[in-house]
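Trainee: I'm new to this one. Could you walk me through its aromatic rings?

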Amino acid sequence: MTSFEATRAWADAQDAADPLRAFRDQFHIPPHDGRDTLYFCGNSLGLQPKGVAAALQAELEDWSTLAVEAHFRGRSPWLHYHEYVRDGLANLVGAKPHEVVAMNSLGVNLHLMMVSFYRPTPERPAILMEAGAFPTDRYALESQVRFHGFDPATDLIELQPDGPGGTLSMAAIEGAIAEHGHRVALVLLPGVQYRTGQVFDIRRIVKAGHAVGCLVGFDLAHAAGNLPLALHDDGPDFAVWCTYKYLNAGPGAVAGAFVHERHAKADVPRFAGWWGHDKTTRFQMGPTFVPTPGADGWQLSNPPIMALAPLRASLDVFQRAGMPALVAKSRRLTAYLDWLIRERLDDTLDIVTPNDPQQRGAQLSIRVRAGRDAGRALFGHLEKHGVIGDWREPDVIRLSPTPLYNRYTDCLGAVEAIEAWWDTHA
């Protein structure tokens with residue numbers, strides 16, 4: 001028997017008792033008609049932490065008063081600035097500090113990782129990925145296959161959905177690795193499938209891939225800051241992620257990368273840059289590249305201070321909230337939204353995202369049973385009434401109840417808005 005209730009009084013009581021409720025006040029909530037929006041789009045762009053303005057202002061002031069000397073004498077010397085987010089990122093993704101680095105964008109980091117970890121041969125030319133991947137991944141992987149002189153038609157193996165709502169079973173993934181592994185150089189899958197919200201089992205995929213000689217990487221764009229991750233223990237060779245979704249670092253924010261420590265000193269091909277050179281001899285300006293051990297060795301350029309400052313402010317919020325507490329709230333909040341939809345809109349909506357809490361994070365992907373046109377109409381209605389989710393083609397509305405700033409009353413309000421639309425369209 002469920003412990004949920006579909007009443008305003010119950011939702012208000014849950015919000016009042018929420019041990020994380022104070023963190024909502026540390027974010028700017030966009031207004032709508034004199035009230036806060038019901039913002040369910042943290043899986044696409046997280047809200048701005050209120051600490052970002054001060055973090056940026058501090059760097060602007062150091063730039064104005066110290067100029068180049070701020071690299072050494074600033075309040076947070078720029079020379080080491082990327083290191084200030086290292087521990088926070090490592091904690092969030094379950095890595096050792098030297099295994100992570102904040103740099104570039106996700107797409108750039110994916111290509112840089114494949115320079116080192118996609119080394120195709122005539123016997124092993126293929127990449128295994130999921131069908132319907134986010135376009136960045138699809139474009140990057142296809143271009144890498146072509147760059148190495150192979151044919152994506154045969155050497156880009158795309159796993160077709162075999163589960164409800166377009167999901168992909170673990171049996172299908174392991175079966176494909178067993179079937180094709182002898183010719184697969186790289187397995188590249190997401191931590192969370194962006195359209196369905198399905199969580200993939202990183203540890204089992206790594207085990208299956210490594211067992212047949214494949215290298216294994218992950219795109220964690222929708223997983224970092226959302227799921228409990230254990231990258232070091234799970235053992236992928238690399239992972240990449242963005243920080244503007246659940247990590248709230250702002251539009252186009254600097255991204256993250258993980259390289260497992262077994263590769264920390266590996267002599268692998270890479271695109272080298274000055275900031276990836278061993279920092280103990282970097283300023284000797286020698287002609288021979290000597291990589292810094294660990295993920296730092298994949299850096300190209302000096303850190304973007306104004307892009308890292310917002311991430312630093314957001315990671316401070318995560319550190320104070322604690323990922324275990326955030327995950328616990330996320331699961332209950334998402335379960336409440338799931339229950340409300342099934343309880344009150346079961347004849348209207350289908351939930352694509354798995355019902356099992358272990359197979360989803362803070363996202364529900366829904367479809368309107370009446371079809372795509374009705375789905376677009378509902379999405380427009382929600383936006384007009386201050387309920388902000390996002391639309392993913394061909395017919396999915398994504399709602400993401402993010403634990404740092406979403407409430408139980410937000411979930412109830414979103415469902416009430418859908419009911420109001422359906423009452424006029426049924």
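Predicted model: local features only at pLDDT ≥ 70, side-chain atom pairs only at ≥ 80, totals over all residues.

Trainee: Are Trp-10 and Tyr-408 stacked or edge-to-face?
Mentor: Their ring centres sit 5.9 Å apart, with 85° between the planes. Planes over 60 degrees apart get the second of your two labels, so this pair is edge-to-face.

Trainee: Which helices does that pair link?
Mentor: The two residues are 398 residues apart, so the pair joins distant parts of the chain. Trp-10 belongs to helix H1 (residues 8-17), and Tyr-408 to helix H14 (residues 408-425). The helices you want are H1 and H14.

Trainee: Is Tyr-408 buried or exposed?
Mentor: The cut-off for burial is under 20% relative accessible area. Trp-10 has 9%, so Trp-10 is within that limit. Tyr-408 has 5% relative accessibility, so Tyr-408 is buried.

Trainee: What kind of pair do Tyr-336 and Trp-339 form?
Mentor: These two are three residues apart in helix H12 (residues 323-344), so about one helical turn separates them. With 6.2 Å centre to centre and 15° between the planes, the pair is stacked.

Trainee: Which residue lies over the face of Trp-391?
Mentor: Over the face of Trp-298 there's Arg-270, 3.9 Å from the ring centre. For Trp-391, the distance to the ring centre is 4.8 Å, and the residue is Arg-376.

Notes
Residues numbered from 1 in each chain as written. Heavy atoms only, no water. Phe/Tyr/Trp six-rings, centres within 6.5 Å; stacked < 30°, edge-to-face > 60°. Helix = DSSP H or I, 4+ residues; strand = E, 2+ residues; numbered from the N terminus. Buried < 20%, exposed > 50% of the residue type's maximum accessible area, 1.4 Å probe, protein only. Lys NZ or Arg CZ within 6 Å of the ring centre and 35° of its normal.
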